[in-house]
Amino acid sequence: AVEAAKENQRIYCLNYDDDYNWTDGLCSRVVDELELRRRQFVASISSNTKIAQAWTFDQPGDLEGWTRSNGLETPVVEDGAFVARAIGNDPIVEQMKPLTLPVNDRCFVEIEITSDHEGRFRFFWATQEDLEKQAKDAYAFTEGRVRNIPLVGGGEMRVYRISPSWNGTLAKLRFDVPPGASVRVDSIRIVELPESNAVTPEDLQKPVPETVRKSADKPLFIP
């Protein structure tokens, strides 16, 4: 599929290099999305994948640093999940423990979460380099460093993958849940993609991981 998309991109560029309507860049976006999904799938099955950071909420009562919140009933950790209910218009949770994790374009985020109804989930980040460019007392999070994903409602646990545009030393994280939603977060992981897209024969013999089966990724729509 990736190679076919690349060939379509080549043909489009040859035949429509003077076309500046809404379809400009469509082929390249399709190639980029296909390659990203392939890399993330490889990361899910490869024995070379590195979990750079993980919050798994295994210990009752331990919020693992996700302690600053607004617009939520007091979050708790129970039955292996971070549990919260939104009661305000801007329900947010911030990670308050110091972070010094190197991140780059090979690092993405996996969040395993369930929500009782659909809505927008927002994931913010800031690197140390980002903060150094801001005024000393400026708020760490901006609309320029956020990814928005639609949560599926209904209570079934799903895995969402987010690819931040980050590079440097990760310093701050925050997520926002849909207003009015009750959510359970099983885990938040920062995953580093293998340097190679190759998988071993041993990897191919493994059962499909649960994180892949629970994926909330929708089929890629190509207009």
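In which loop does Gln 95 lie? Gln 95 is in the loop between β5 (92-94) and β6 (101-103); helices (H or I, at least four residues) and strands (E, at least two) are DSSP runs numbered from the N terminus. The model is predicted: local features need pLDDT of at least 70, side-chain atom pairs count only at pLDDT 80 or more, and totals for chains, interfaces and linings use all residues. Residues are numbered from 1 along each chain as its sequence is written, and side-chain values use heavy atoms, with hydrogens and water left out.

**Whole chain**

Of its 223 residues, 42% are buried, where buried means under 20% relative accessible area, exposed means over 50%, and partly exposed is in between (1.4 Å probe, protein chains only). The accessible surface is about 12,500 Å², and carbon and sulfur atoms account for 49% of it; the areas come from the Shrake-Rupley method with a 1.4 Å probe, and for residues only the protein chains shown count as cover. Among contacts (heavy atoms within 4.5 Å) between residues at least 6 apart in sequence, 78% join residues at least 24 apart.

**Gln 95 and Glu 64**

Select Gln 95. This residue is buried, with a relative accessible area of 2%. Not counting residues up to four places away in sequence, Gln 95 touches Trp 55, Glu 64, Gly 65, Trp 66 and Leu 173. A polar atom of the Gln 95 side chain lies 3.1 Å from the backbone oxygen of Glu 64. A polar contact is a pair of N or O atoms within 3.5 Å; within protein, one must be able to donate a hydrogen and the other to accept it, and residues adjacent in sequence count only if both atoms are side-chain atoms.

Move to Glu 64, in the loop between β1 and β2. Glu 64 is buried at 14% relative accessible area. Its phi is positive, about 55 degrees, although Glu 64 is not a glycine. Most residues other than glycine have a negative phi. For another positive phi, go to Asp 79, a residue other than glycine with phi near 50 degrees. Asp 79 sits in the loop between β3 (76-78) and β4. Is Asp 79 buried or exposed? At 72% relative accessibility, Asp 79 counts as exposed.

**Aromatic rings**

Show the rings of Phe, Tyr and Trp (its six-membered ring), which pair if their centres lie within 6.5 Å; planes under 30 degrees apart count as stacked, over 60 as edge-to-face and the rest as tilted. The count comes to 8 aromatic pairs. One of them is Trp 55 with Trp 66, edge-to-face, at 5.4 Å centre to centre and 75 degrees between the planes. Trp 55 is in strand β1 (residues 50-55) and Trp 66 in the loop between β1 and β2 (68-70), so this pair ties together parts 11 residues apart in sequence. Trp 55 is buried at 3% relative accessibility, and Trp 66 is buried at 0%.

Next take Phe 82 and Phe 175. The ring centres of Phe 82 and Phe 175 are 6.0 Å apart and the planes are at 75 degrees, so the pair is edge-to-face. Phe 82 belongs to strand β4 (residues 81-85) and Phe 175 to strand β11 (residues 168-176), so the pair ties together parts 93 residues apart in sequence. Phe 82 is buried, with a relative accessible area of 0%; Phe 175 is buried at 2%.

Select Trp 55, Phe 57, Trp 66, Phe 82, Phe 121 and Phe 175 together: they form one aromatic cluster.

Arg 174 lies over the face of Phe 124, at 4.1 Å from the ring centre.

Val 93 is in strand β5 and is buried at 1% relative accessibility. The C-alpha atoms of Val 93 and Ser 69 are separated by 4.4 Å, with the two residues 24 apart along the chain. Beyond four places in sequence, residues touched by Val 93 include Trp 66, Phe 82, Leu 173 and Phe 175.

Now select Phe 121. Which residues touch the most other members of the largest nonpolar core? Phe 121, Leu 173 and Ile 190 do, in a core of 35 residues. A nonpolar core is a set of buried Ala, Val, Leu, Ile, Met, Phe, Trp, Tyr and Cys residues joined through side-chain atoms within 4.5 Å. Leaving aside neighbours within four places in sequence, contacts of Phe 121 include Ile 111, Ile 113, Leu 151 and Phe 175.

**Last stop**

Finish at Glu 110 in strand β7 (residues 107-115). Glu 110 is buried at 9% relative accessible area, and a polar contact of 3.2 Å joins its side chain to that of Arg 161.

Notes: A charge sits over a ring if NZ of Lys or CZ of Arg is within 6 Å of the ring centre and within 35 degrees of the ring normal.
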